[in-house]
Structures are given as C-alpha cells and as structure tokens.
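Open the model in your viewer and keep the selection panel at hand.

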Amino acid sequence: MLKYVLPFCLLLGYSALSDACELSMQAQHFPPRFIKAADNSWTGYNIELFQALAKELGCSSQFLETPWGRSMQLLASGELDAMSNVSYNEQRAQFAYFIGPHQQERVKLVTNLQPAPSKASLTDLMNSQHLIAAMQGIYYGADFEQALETQPAFRQRLIFVTLNQQKLALFLSGRVQYMLEDQINLQQLYLSDTLDQQQHPALFTLYENPVFFAFSKQRFNHLGQKTLEDAWQQLLAKGIQQELQQKYFAATPTGEN
C-alpha cells in the first residue's frame, strides 16, 4: 500500500517548486555549520538541520555555494528556496518567512593589534583609524546600521567581502586590523589553531540575536508560513535539533571571551 501514498510535498502542492520536490539552500564552507568535503558533499550543523527540515516537508535538499549578498537577492526573487543564519528585520520579512530560530548568534569584534586596545565598544571602534572586515549583506544590528548612515568616515573604513575566507585572509595578512565574526565560528578558528586567542582576542560583543531559516515567499506563498512552522515543530519534537547541537557544538565554548 505504501507505494500508492504520494509524498507529503505533492499532496500540499509542492510540485510547483520542482518535480522532485528538491529544496535549495545557500551554503559556504565554514565549519562547524557548513563543511564541504573534497567530493563536494556537505555536512555540518546547518546542512543536516536543513536536510531534516526538508525531510519533514517530504522533500530532498541541495546546496548552492553562492555569496551571501547574492543569495539574499536570489531568495527575494524566488530563485533560491532558503537561507540559514538569517537575522530578522522588516525589510527581509517582505520577501521571506522566518522559521526557527535555529541558533543564537553573537557577533564579536576581533583584533590583530598588539597590544590589543584597552577600550572596546562601538563608539571606540568608530573613533579609531583602523580598517574593519565585515561580510556583505549581514545585519549587524540597529546601532551599527545607524553608525554607517551617520558617520561617513566610519563607513569608509569598512571592507565588505562576499566570502568568509576573504575576510579571514584580510585579517591574517594584517591588511585589516579588526573583523566581525560570529562567536561559534570564532571558537572554531581558535580550536583549529587558525587564530590564536592571545594574538587575536575578541574585544566585545557587537550584536546578539536569534537567527532563522529564511524561506522565499515567492516559492512558498501558496502554502503559507504555517506549513513550514508545523514542519519545524515536528523536527523539534523528535529532538533532531538538540542532537545536532550536541554533535557539533558540545565541545565548543560558548561563553564570553
């Protein structure tokens, strides 16, 4: 009898997405959230959590290695189904459903200056003369956005990149003296000895907020947000998120530096 049961996704009209009900999500290699193997396969917390969510919807998943800013444009146009680690704001809510949150994000200011500055706040950063590497398209909070709008000199010292690897290369080469980095990613860089916690300390938390899966309204408008939220709740009830957090983050320090 099972062979006569249509997939959940088709019963809900998911064939509008693709004949095989395959959901696409943006990815970039950055352990432990995104891990790209030599054979181009993907693992990691965000990857496996999205695969589990797609499965609850009766779908498979694929991962597109596209820059963050470009991915946000594809999400808005409906050419990409989903993104992860997305902060909520009203502009994004116009074209995306927010499902989760799947994690708490803490953005740290990291420096390679020796000795490290004794004063550390957004105001101190604005008043310095050093360069700062940041990711294009990432939301760093209302205070940061206001500083960019009202302080032209501060904005000129921001170096925006499209890939995490570019940001890290600028920082390690000394071409920038600060970078903005999520705490979990930063701790992974410490654990892998890519960065040294004494030479590259985190000075303060610039912004803290929950992050979500963002699903394109262009792709899911015929189903609505409730279908996605129900699938997320089913995933939580099975303990899948908790298992993946234990798998990928149990050994990762999460406290303030």
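Begin with β9, which gives the largest share of the lining of the largest cavity, 3 residues. This is a predicted model, in which local features need pLDDT of at least 70 and side-chain atom pairs count only at pLDDT 80 or more, while totals for chains, interfaces and linings use all residues. Residues are numbered from 1 along each chain as its sequence is written, and side-chain values use heavy atoms, with hydrogens and water left out.

Helices (H or I, at least four residues) and strands (E, at least two) are DSSP runs, numbered from the N terminus. Select β5 (82-87), β6 (96-111), α8 (164-173) and β9 (178-182): these are the elements that give two or more residues to the lining. A cavity is a set of points on a 1 Å grid over the protein atoms alone where a 1.4 Å probe fits but cannot get out, and lining residues have an atom within 4 Å of a point.

Now show the 19 lining residues; Trp68, Glu105, Ile138, Asn164 and Asn185 lie nearest the centre. The lining divides into 8 nonpolar, 6 polar and 5 charged residues. Here Ala, Val, Leu, Ile, Met, Phe, Trp, Tyr, Cys and Pro count as nonpolar, Asp, Glu, Lys and Arg as charged, and the others, Gly among them, as polar.

Next, select Leu180. It is among the residues that touch the most other members of the largest nonpolar core, which has 34 residues. Such a core is a set of buried Ala, Val, Leu, Ile, Met, Phe, Trp, Tyr and Cys residues joined through side-chain atoms within 4.5 Å; buried means under 20% relative accessible area, exposed over 50%, partly exposed in between (1.4 Å probe, protein chains only). A second, separate core of 31 residues includes Phe34, Leu53, Ala82 and Phe215.

Move to Cys21 and Cys59, which form a disulfide with sulfur atoms 1.9 Å apart (the cut-off is within 2.5 Å). Cys21 lies in the loop between α1 (8-11) and β1 (22-26) and Cys59 in the loop between α2 (45-56) and β4 (60-64), so the pair ties together parts 38 residues apart in sequence. Cys21 is buried at 0% relative accessible area, and Cys59 is buried at 9%.

Finish at Lys238, in the loop between α11 (225-237) and α12 (240-249). Lys238 is exposed, at 52%.

Key. On a 1 Å grid over the protein atoms alone, a cavity is a set of points where a 1.4 Å probe fits but cannot get out, and a pocket is an open set with protein on both sides within 12 Å along at least five of seven lines; lining residues have an atom within 4 Å of a point.
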